[in-house]
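Subject: A structure for you to explore

Hi there,

Here is the structure I promised to pass on to you. Please have a look at it first, and then read on for what turned up.

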Amino acid sequence: MNVWDVREIHDPSQLEVILAEPAARLHAGGLIAFPTETVYGLGANAWDDTAARRIFRAKGRPADNPLIVHIADLDMLDGVILHPDKLPDGVERAMAAFWPGPLTFILPAHPRLAPAVRPGMTTVGVRMPNHPVARTLIRLANCPVAAPSANTSGKPSPTTAGDVLEDLNQQIDGVVDGGACPIGVESTVVAITDERAVIYRPGGITPEQLSAVLRQPVVLDPHLTQPTDAPMAPGMKYRHYAPAAQVHVWWGDVEAIRSAVSAFIRQHAGQRLAALVPHGWREVVEPLHPLVWEAPATEPYAAALSRRLYHQLRAFDHEGVHHILVVGVPPEGLGAAVMNRLQKASEGRLYRV
Ligand code: TXA
Ligand code: MG
C-alpha cells in the first residue's frame, strides 16, 4: 500500500515527478485512488478488463453498475467513445462550457473499452475532471482511467485520502493524497440528444447552468422525482451514501426547522445524537456538543454542506452516533445534488416543514 502525498506540491513539474510511479502502475493494471474536484476516484486502466474487474471486487460493487471513464484532454476521447469528431451540438457546447469540470456525459462506447467498464451497455460515462492532480495522473498514465468513487459500495463517498484508506486499504495499490475535495458531491451525469438533455444524477453542475448553455430543454430522469421508476443511471438504484447512524433531514421554514430539531433532541434524550447545521445554530443544538458541525459564515451553506457532508457522516459514525440531524437546503442549484444524496443517506427521512 503506497501513499503519495502531494498536498504541498504546487509546482507542475515537481507534481509530474511524484506522480510518475502511480501513473505507471495505473497503466500496468494497478488500482490507484486519486483526488478529483468532486470526490476521490478509484482508478484503473479503462482498456484493461482485468484491472477494471478488480475495481468491482475492491468496492464490492454490483457488476451491472457501469464506471465513469476519466480523461485529461479531448484527444483522449479516441478509444473511449465513437466518433468524437461528430458529437451532437449540445454535447459540444456543454463540453466547451463545463470541461474540465463535474459533468459526466453518457455517449456511445468505443469497442476498445474494457467490457467491465460498461457492463452490457452500448454507452459509457465520460468526464474530464478539473483537478490538477487527477489531470496530471491521467495524462502520465497515458490511458483513459475508469474510476468510480473510491469507497466501499453503499458507504458515503470519500472526500479525503483518509476516507479512502478507511474503506480500501487492503484492496488497492495506492492512493494519491491531494487533500480534501473542494466540491464534495459527485459529478452531474447527463445524456444529451438533439431533442433534450436528461440528468440521470444531479451533481456539481446544476440544471440551471446546463440550461444556460444548451438550446434543448433540460429535464430530470423521472426516477429522481418518482423513485419507483427504474433509474437510467444504474448506480442510482442502490442504497447509497449511507452511514450506520439514522440520518434525519429538515428543510423549509427556518423557525419550523428550529422547533422540529429542538423537539427531536428533547424526545431522544439519552441517545447519542449529532448534527450538521448552518452558521449561527449553535444554541439550537447546544445539548449535542461536541458532536456538531456548524458551517462557517464565509460561504453559502449549500456549498459548505456539500463539501463536508460525506466526511462528516463518516466522522459521526466513528463516534457511535445513533441519529444524525441535518438542516437541509432548498433543492435548487448545488442544493439539488446535496438533497438527492441526503434523500438516499436518510432513506427517505427527509421532512419539509
Ligand atoms: O464525480 C464523480 O462522478 C466521481 C469522480 C470519481 O469522478 N465518480 C463517481 O463514479 O461518482 P460512480 O461510479 O460512483 O458513479 C457513476 C454513476 C453511477 O450512478 C452509474 O450508474 C452512472 O454514473 N453511469 C455510468 N455509466 C453510465 C451509463 N453508460 N449509463 C447510465 N449511467 C451511467
Ligand atoms: Mg459512487
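Predicted model: local features only at pLDDT ≥ 70, side-chain atom pairs only at ≥ 80, totals over all residues.

Let's start with the largest pocket. About 690 Å³ of space lies in this pocket, and 44 residues line it. Arg61, Asn65, Pro66, Ile68 and Arg201 are the lining residues that lie nearest its centre. Two or more residues of the lining come from each of E4, strand E5 (103–108), E6, strand E9 (188–192) and E10. Which element gives the largest share of the lining? That is E6, with 4 residues. Sorted by class, the lining of the largest pocket has 21 nonpolar, 16 polar and 7 charged residues.

What takes up this space? The largest pocket is the space taken by ligand 1. Around ligand 1 there are 28 residues, and the closest are Thr38, Arg61, His70, Ser187 and Gly235. By class, this shell has 15 nonpolar, 9 polar and 4 charged residues. Strand E4 (68–70), strand E6 (123–127) and strand E10 (197–201) each supply at least two residues of the shell. Here too E6 gives the most, with 4 residues.

Now zoom in on the oxygen atoms of ligand 1. A polar side-chain atom of His70 lies 2.6 Å from one such oxygen atom. For Arg127, a polar side-chain atom lies 3.1 Å from an oxygen atom of ligand 1. Pro234 takes part through its backbone instead: an N or O atom there lies 3.3 Å from an oxygen atom of the ligand. As for cover, ligand 1 has 680 Å² of accessible area on its own, and the protein covers 98% of that.

Finally, some backbone details to look up in the loops. Trp99 and Pro100 are joined by a cis peptide bond, with omega about -10°. You will find Pro100 in the loop between helix H3 (89–98) and E5. Another cis peptide bond joins His289 and Pro290, with omega about 10°, and Pro290 lies in the loop between strand E13 (273–277) and strand E14 (292–294).

His83 is not a glycine, yet its phi is positive, near 50°; His83 sits in the loop between E4 and H3. Glu347, also not a glycine, has a positive phi of about 50°, and its place is in the loop between helix H9 (334–345) and strand E16 (350–352).

Enjoy exploring!

Best wishes

Conventions: Residues numbered from 1 in each chain as written. Chains lettered and ligands numbered in written order. Heavy atoms only, no water. Near = heavy atom within 4 Å. Polar contact = N/O pair within 3.5 Å; in protein donor to acceptor, adjacent residues only side chain to side chain. Areas by Shrake-Rupley, 256 points an atom, 1.4 Å probe, with all protein chains shown as cover. 1 Å grid on protein atoms, 1.4 Å probe; cavity = no way out; pocket = protein on both sides within 12 Å on 5 of 7 lines; lining within 4 Å. Sits in = over half its atoms within 2 Å of the grid points. Nonpolar A, V, L, I, M, F, W, Y, C, P; charged D, E, K, R; others polar. Points joined across faces, edges and corners; volume = space filled by probe spheres on them.
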